[in-house]
Structures are given as C-alpha cells and as structure tokens.
Amino acid sequence: MSDAPDQGLLEALLDSWDRNNTILLNLLCALPEDGLEIRAMEGSPPVAELFTHIHYVRLVFVSEDAPEFARNLPEEEWVVERDPGRIGQMLNDSAKAVRDAVKSRVEVGRDMNLHYDHPILLLQHMIWHEGYHHGQIKLALKVAGRPITDEKAGPVTWDIWMRKK
C-alpha cells in the first residue's frame with residue numbers, strides 16, 4: 001500500500017490503536033490503591049483479571065492471525081496480577097504485537113490467517129473488546145463505592161481520543 005493517502009490512513013488507524021492502549025494504561029494508573037482486587041459482584045472477575053484477559057486476548061488473536069508476530073502466551077487467560085507496573089508492561093507488549101502485525105499485513109497486502117476480512121478489523125475488534133472491559137472496570141469501581149470521577153477520567157480517557165497532534 002504505497003500511495004500517500006493510504007499510508008496516512010494506516011497511520012491514523014495505528015494512532016487510534018496507540019491511543020486506545022494509552023487510555024487503558026491511564027485507567028490502570030487511575031485505580032484506587034486496592035483497585036485491582038475490586039469486582040463488580042460476587043462471581044465476576046476482579047479488575048486485575050480483566051486487564052490480564054485483555055493482554056491474553058490480544059496475544060491469542062495475533063498468534064492465530066499473524067503468527068510471525070506472536071509472543072509467548074501466558075499459561076492462563078485470567079490471572080490475578082497484583083503489580084500494576086507488570087500489567088502495564090504486559091499491555092504495552094501485547095499492544096505492540098497487535099500494532100506490528102496489523103501494520104505489516106496492511107503494508108504488504110496480506111490477509112490475516114484465520115479471522116477478519118482485512119487486518120484493520122483486528123484493530124477494530126480489539127478496541128471494541130477493550131472498551132467493553134474498560135466499562136466493566138469503571139462499573140466495578142462504582143459498585144464498590146470507589147468510582148473514578150469524570151474530572152479524573154476525562155483528561156486520561158476522552159481527552160486522549162480527541163487531542164490533535
């Protein structure tokens with residue numbers, strides 16, 4: 001995909017992926033001290049497991065659709081990781097794997113191996129999936145009486161999406 005308008009579009013889509021990951025990391029940093037253990041209700045996964053699930057899902061789809069960018073899969077999908085720094089590293093690593101896979105496949109005009117009619121759909125699926133879990137995390141915090149206020153959440157979420165470079 002060599003012409004400039006297509007390259008500009010690809011860069012904008014990859015930027016949206018980068019922003020999505022930044023927002024997820026910002027949510028992680030905005031959690032109250034005990035936030036990783038909070039769950040929406042009995043039987044629901046704790047917030048830590050929602051983050052590790054996101055990481056796992058990213059890696060599974062990369063391994064199935066662009067295995068040349070695969071990373072080692074965690075042994076379990078739902079892991080209680082208590083170190084926010086470690087979760088952040090995991091999310092950055094899996095975000096890079098998704099980004100690199102999509103960028104490469106689009107640039108060389110290669111389909112994904114198993115899912116999706118176009119590599120960009122992987123990005124869209126991941127953004128939709130992660131937005132869903134972002135909402136679950138915020139709801140769990142609210143139900144637990146530990147909500148993240150709009151004043152605190154806005155600058156680290158919505159403002160990231162709307163910021164011009």
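Is Trp-128 buried or exposed? Trp-128 is exposed, since its relative accessible area is 64% and anything over 50% counts that way. Keep in mind that this is a predicted model.

**Aromatic pairs**

- You'll find two aromatic pairs in the structure.
- One of them brings together Phe-61 and Tyr-116, a tilted pair with 6.0 Å from centre to centre and 50 degrees between the planes.
- This pair ties together distant parts of the chain, with the partners 55 residues apart. Phe-61 sits in helix H2 (residues 47-65), while Tyr-116 is in the loop between helix H3 (84-108) and helix H4 (120-143).
- Phe-61 has a relative accessibility of 17%, so it falls under the 20% limit and counts as buried.
- Trp-128 turns up again in a pair with Tyr-132: the ring centres are 6.4 Å apart and the planes are at 15 degrees. Because planes under 30 degrees apart count as stacked, this pair is stacked.
- Trp-128 and Tyr-132 both belong to helix H4, and being four residues apart there, they are separated by about one helical turn.
- Tyr-132 is partly exposed, with a relative accessible area of 47%.

- Look for Glu-77 in the loop between H2 and H3.
- Its relative accessible area is 27%, so Glu-77 is partly exposed.
- Setting aside neighbours within four places in sequence, Glu-77 is in contact with Thr-52, His-53, Tyr-56 and Val-57.
- With His-53 there's also a polar contact: the side chains of Glu-77 and His-53 are joined at 2.7 Å.
- Glu-77 and His-55 are 22 residues apart in sequence, yet their C-alpha atoms are 8.4 Å apart in space.

**Arg-105**

- Arg-105 is part of helix H3.
- How accessible is Arg-105? Its relative accessibility is 0%, so Arg-105 counts as buried.
- Not counting residues up to four places away in sequence, Arg-105 touches a whole list of others, including Asp-65, Glu-68, Asp-111 and Pro-119.

**The largest pocket**

- The largest pocket holds about 250 Å³ of space.
- Among the residues lining it are Asn-20, Leu-24, Glu-130, His-134, Lys-138 and Trp-161.
- Helix H1 (4-30), H4 and helix H6 (158-162) are the elements that give two or more residues to this lining.
- Which element supplies the largest share of the lining of the largest pocket? That's H4, with five residues.
- Sorted by class, the lining of the largest pocket has five nonpolar, four polar and two charged residues.

**The second largest pocket**

- About 190 Å³ of space lies in the second largest pocket.
- There are 13 residues in its lining, and His-55, Asn-72, Pro-74, Arg-86 and Met-90 lie nearest the centre.
- H2 and H3 each provide at least two residues of the lining of the second largest pocket.
- The lining of the second largest pocket splits into four nonpolar, three polar and six charged residues.

Methods. Residues numbered from 1 in each chain as written. Predicted model: local features only at pLDDT ≥ 70, side-chain atom pairs only at ≥ 80, totals over all residues. Heavy atoms only, no water. Phe/Tyr/Trp six-rings, centres within 6.5 Å; stacked < 30°, edge-to-face > 60°. Buried < 20%, exposed > 50% of the residue type's maximum accessible area, 1.4 Å probe, protein only. Contact = heavy atoms within 4.5 Å. Polar contact = N/O pair within 3.5 Å; in protein donor to acceptor, adjacent residues only side chain to side chain. 1 Å grid on protein atoms, 1.4 Å probe; cavity = no way out; pocket = protein on both sides within 12 Å on 5 of 7 lines; lining within 4 Å. Points joined across faces, edges and corners; volume = space filled by probe spheres on them. Nonpolar A, V, L, I, M, F, W, Y, C, P; charged D, E, K, R; others polar.
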